[in-house]
Each structure stands twice: as structure tokens, then as C-alpha cells.
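The structure is shown first.

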Amino acid sequence: MMEKSRCGPCMFTTFEVPNVAKFVDGFHNHGCVHGDPINTEVKSGIQASTAVAFRTESSGNGNTPWCDNGTTISLSPVECIEYFCGVGGVKPVPAGHAELRFGSLAFEDDNSTAISTLHDDTRTKDLLLDLERASGMLQQLQGCCDSFSFLWLHESYAELVRIDLETIRRFDDIPLERISPKLTKKTPQSCALVAQFFSLAFLSYSQAHCGKIRPFFLDTPLSRVILAGNQQWTTDFNGPCIVGSMIELSCLGAMLKQQVFAFQYFDQYDRNITLERSKLDVLASPEDILDIWGPGEFLAPTDDKENLYAISIGGGLITPISMVPLMLHWSAAGSLGPQPTMTFGRTRKAVIGAKVSSNGNCQAKPQEQLQLAFSMLNELGTFPNYWEVSERQLGFGLQTGQGAIALLQFNQTWVKRRGVTKKSRLLAQKTVYLADLEGYFGIQVSVCTGIARRVRLRDLLSDILPAYVDALIAKPPGWKSLLEDFNILQALKEGDLSVWLDSLEYSLQSTFESLVVAILFLLQDTGVDRTGENFIIGCIQPKIPFQCFNIPCRRENYWTRMAADSEDIATFAYVTTQCLETDVVKCQGSQSYWANSTAILWTAVSCCDEERHLRASDALRSPTVWKLKHSEAYLIGKPEAPLLVRVDRRDDHDEPRLLVSVSTIRSDFLLRLHRRTGSRPKRLKERGAFNQKAENVMVLASTNGQLR
């Protein structure tokens, strides 16, 4: 707490910075949207430099630091990018002293706003050299090619601007007006400001411009950053600056499901200026959209790959809704007709926005209109048939590969989208994989006892498919045959699913796959909601409207927070009429009732750290089997918002319990403590893959913080 009061949100710890190579000009990832893949020699060189700079067997997925000699932390690849970029280039010294390199940082608004200034304009080249290493690191992670992008705010829209990395090296020749038309005069101050901007813009690019800025050396995420170049920051500062802040996008915001980080230039900074805006459209080229928010596909005429009918991305389609002016729109329910006519260029910038815009010159009298419409108002909080899935999602409407439509697929990785979850990936896929059906991504909640348990997606399908199909007016083609001739429900519950699928003709396989996609979209909003405060459970039962239960993630239900969608695990939650029991919780018979609560989860967990050690060790040496031990503490759940759990296992032969507790120490203090001591608890993760080694556990909330 003393360090917090003295240093603010900055955490000063000793760490090692690996020797990272600078970016390679002309580099392209294989299958990228920009052009030809890189030659083998250059790519091999990049991979070799990665192996030298990092102990890959210890770095996990690129996000996890590892400790050496107790308290010296060697930065992970992602943390390297955060370090080289800093906050506008300003970062702590590796030695652990309470000292910043190249400039200073000030904080406001409960540390959610940072003001970054440089000591003098001579630091510009230092920032650019570090930026070359940051971009080289992202190339090694296959997260970028030879360019990056940033979101620039205009009056009524945000523009996705692409900059070649080579610009960093020929900085003296950069046309400043490409950053902003207002930046016309090249001075030491303007150059320092742009260098800071490039550093922060690349950091934002490395996380796909999604979410707040939070480098590893800050304990509080930043929703706003003010870049002041080499000027001195004071309470009455009114000089030129660049401000980065969180904004909402229109239809692309619905695709990303979170806010994005965008920049704006001010000739004179005014503390009273408001940065709040309504949802903004985006001006961008299709190639830049796929580069930053892919993977995805271009749907184009078979004889013209430069013009597109649509972009398939984020579980939906971007299609043209107007040609003069050119306007595109993303929709999860978007569809492409059998003979589309409107096309748009893959490199031409277009506005991607909402179908409905606001008319600021309306002359009507809204209060009088409301009075006339009172008789048509319904209860707030009810929803139309949210469970209905479009033809495209069912797979019956979009017939690519037929007629005159070509599907151009690009192999972008998800490196930049650290917030992308397993559920998002499942919903964005254009096909269904057997491994996904075997994955434990369902949570089944007993309406009788409230007990929950993880189940495979195939088990979820066997429970929900009958009620779902029965509610459809038009039954999917071949459903009767799947049900009666091929015993689909029995096949889903047990047996080798691949053998059963091989016994089906192609049309029935297609119907089955379409039904799987329909069920996943039906339950896409279940699990922990976007606020993290409620657990949504779908109620898909025969003869009643498809609705959901909304359970607050508090008190005995606090454990539900660990089921939040993450990179490793997806949650599709639904109620079942099965009566689930444990040794403690039993059916109450006629006295049972739904209490809108689920106090216990049966699942299986493994230790992330142990998995990495097993991968690094020689498999022939028979490594010891990992087991949960009584009183051990672990972290579980989303990496950015983990929960602290303690093991209750007084007898090694008993099935362990995990008690989820709410720490009484603030998260920023915990993060600071773990960084300084190197004693961060090991992480647990729920079993996802069916063949993953994991230990069965019972999870419940510890309301008193004690082992019971």
C-alpha cells in the first residue's frame, strides 16, 4: 500500500528483457490477406530468433511470464511488446528501481487516465528503436505482416488507417498529414508526439484495438491516454496533444462485443471537452478489416477476386446496403442471395455501419408522437424470438462453391485478439469439428436441485435437439430419417460419433451439421453475461417459449464467474429436467422448487503450470501425476479477472472440493504483490478437450472464506 501511494499504478519489479530482433520489411504471414506469403528462408530466420530469445517450453501461450531465481521475471512475448511500446513509449527500468525510461507518467480519474510526456525530443529515436523490436516480436508471433493499423476519430466516424512498418525506419520522411490533416508543420515537438503515438497505436494494434490499455507494469487498466510529446504537463495544460480513448462502434461493435481504443488530435487540449460519443461507423478497407479482426473469408465472383459480394467474419456477414454512397453493414443474421449483384473492392475503403442513422434535422414533435403510440407499448424486458437462427446460420441458405461465388479464405491467427474466446471461435467457424462435439463446453443445470455439471456438446445436443426441432414450423430436411432410421439421440449419448456420421449420406451429414450450428447460436448468450454479474441459463423445453433464467453471480452462486468464456473454455448453459444429486444435496420430492440458484458445479480441472512442465519434460521419464492437495490455493477463470480457489481434500482418496472465495485484497494490490514476490498462485483451468487429463472436482462458493 505504501508503494501504491508513492508510485501510483506503476509496478516497479526486476525483470529480464529478451534480445528481440527488429521487424523484417516485406514480411507476410502464410495465407495473409495482403499478398504473397514470405519466402521460407526469411520465415525460418524469424522462427530461429524466437527460439533464441525465449524459452518456449516455459512461456505457455505467449502471455505467461516465468520466474528465474525467485523474483526476477523474464517477460513473455506479449509482455515484451507491452514493454517496448510502453505507455506512449514511457516504461519502467528493468532493474526494479522506481524510475521510468524516456519520460514520465501522470495519472487521473482513479488511475484510469494516463498522461505520457517525454523528457526531451532526443528520445524520439529511442522510442522508434524499441517500436522496431515490438513489431519484430509481433511478427514472430505471426500477429502482423509488414504493416499495422490504428483507429482515428473523425467527427462522425472512426477510420481504420494502415501504416507500413517501414515508416518507422524512415521517420524523418513521414508525411505528418497522414496522421492528421492538422499536423502540417514538422517540429521536434510534433515528431516527439507522433513517435509516442506510433508506440501506443502499435500496442493497441497488438490487441486488435479491443479493450483498455493495460501493460504488465500497471495495476489498473487505462481507458484514456493523453500523449503530450516533449511538453510539460500541468493542471492548466492546453497545448497540442493526441488522446486515445474507448469508443463504441455501431454494427462492428456488435461483432466485437466490446469497446475499441481510438485516437484523436487536439490543437489545444481542453479539460472540459467531452469525449463521449454515440456509436460510430467505421471507414475501412475489407483487407484491413480481416487483418485486424479476422479470421474470415471473402465471397467474390469466380472470375473477379478483386471485387467482393460479402465478407464472412465474426459469425456474420458484411454486405453492401448502398452503392451510392458505398455503405456496408455487418449482421449476425446476414444472408447472401443465390445471385448477388452488388460488389465492392477489397482494397477500397467503405463505411461499415448501422442500417439506421440519426437525422439531426428532424422537424417532428416526438412527445406528441409518443402520446399517440401509447396503445402500442409492451412490457420492457421481453424479447422477440431471439432463439431463431437465420438460414445462413442453419447452413441451408449460403451455398458457396456453387453458381458464380468463390470463397477466398485467409488464415489469420487470433494472436492480436487476446479477448477472443473459445465460444467466439466456435461460432465463427464455417464447419463443425468432431473434437468440438466431444469438448466439455456445456453446463447442465438441474431444475429440480439446482446442481450443475459440465457435459460434452454432444450430450447437450441430445437434450435440446428434440425440443428445438419440434418448435420449428418447417422441419429440417432428413430430420425424420435421422431420428427414426439412424437413432440420432442415442448416437449422441454414447458410442463412436465418427462411425455413426460415416454411416450417413452427405445430405444427412449436412442437416446434422446445420442443426449443431443452430443450437450453438441458440445458446450463444448463455453463460456469464458481458457485465460479469449474471449467469444466463437457457430454458429449451417442449411446448413452452424458449427463454432463459438470469442468476446473479453472488453469494452461493459466486462460483459461476469461473465459467466465463475464455480462450480455453466455452459455456453453453441450459436447464435439464433430470434430477441431479450429490451426497449432500438431495431431491426434495414434491417440496422441490426452482430457486433461481445453482450452488454446486461438478467439473474437472487441470493445472496449467503442470501441463507446461509435462510438455517440457521427457515423456519417457514417467513424470509424477499431479493431484490437488488440501489447503492449496490456485487461480481459476479468465486470466484478466481470475478467482482465488482453495482445495478442500482432507482425505487423498476423496473427491476434492474447490471453494471459490472473494478475496478481501483489492485486485490491483494482489497483482502488485504477485509481481514483486514472484509467488503468483498456480492456475487451474476446466477440462475442455475430452482427452485432456484432469481431476474431477466439486466447485462451490466459500461464503465465509474457511474450509468446511
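## Contact with helix 6

In this predicted model, Ile-81, Glu-82 and Cys-85 of helix 3 touch Ser-199, Phe-202, Leu-203 and Ser-206 of helix 6. By class, this contact holds 4 nonpolar, 2 polar and 1 charged residues.

Helix 6 covers residues 188-206. Its axis lies 9 Å from that of helix 3, and the packing angle is about 160 degrees. Angles over 145 degrees count as roughly antiparallel, and the two helices are therefore roughly antiparallel to each other. The crossing of helix 3 with helix 6 is left-handed.

## Contact with helix 4

Helix 4 spans residues 124-140. The axes of helix 3 and helix 4 come within 8 Å and cross at roughly 160 degrees. That makes this pair roughly antiparallel as well. Here too the crossing is left-handed.

Helix 3 contributes Pro-77, Cys-80, Ile-81, Phe-84 and Cys-85. Helix 4 answers with Asp-130, Leu-131, Arg-133, Ala-134, Met-137 and Leu-138. The contact of helix 3 with helix 4 counts 9 nonpolar and 2 charged residues, with no polar ones.

Gly-86 follows helix 3. The phi of Gly-86 is positive, near 60 degrees.

Notes. Residues are numbered from 1 along each chain as its sequence is written. This is a predicted model: local features need pLDDT of at least 70, side-chain atom pairs count only at pLDDT 80 or more; totals for chains, interfaces and linings use all residues. Side-chain values use heavy atoms; hydrogens and water are left out. Helices (H or I, at least four residues) and strands (E, at least two) are DSSP runs, numbered from the N terminus. Axes are lines fitted to C-alpha atoms, for helices over the stretch in contact, and angles run from 0 to 180 degrees between N-to-C directions. Angles under 35 degrees count as roughly parallel, over 145 as roughly antiparallel, 65 to 115 as roughly perpendicular and the rest as oblique. A crossing is left-handed if the near helix is turned anticlockwise from the far one by less than a right angle, and right-handed if clockwise. Contact means heavy atoms within 4.5 Å. Ala, Val, Leu, Ile, Met, Phe, Trp, Tyr, Cys and Pro count as nonpolar, Asp, Glu, Lys and Arg as charged, and the others, Gly among them, as polar.
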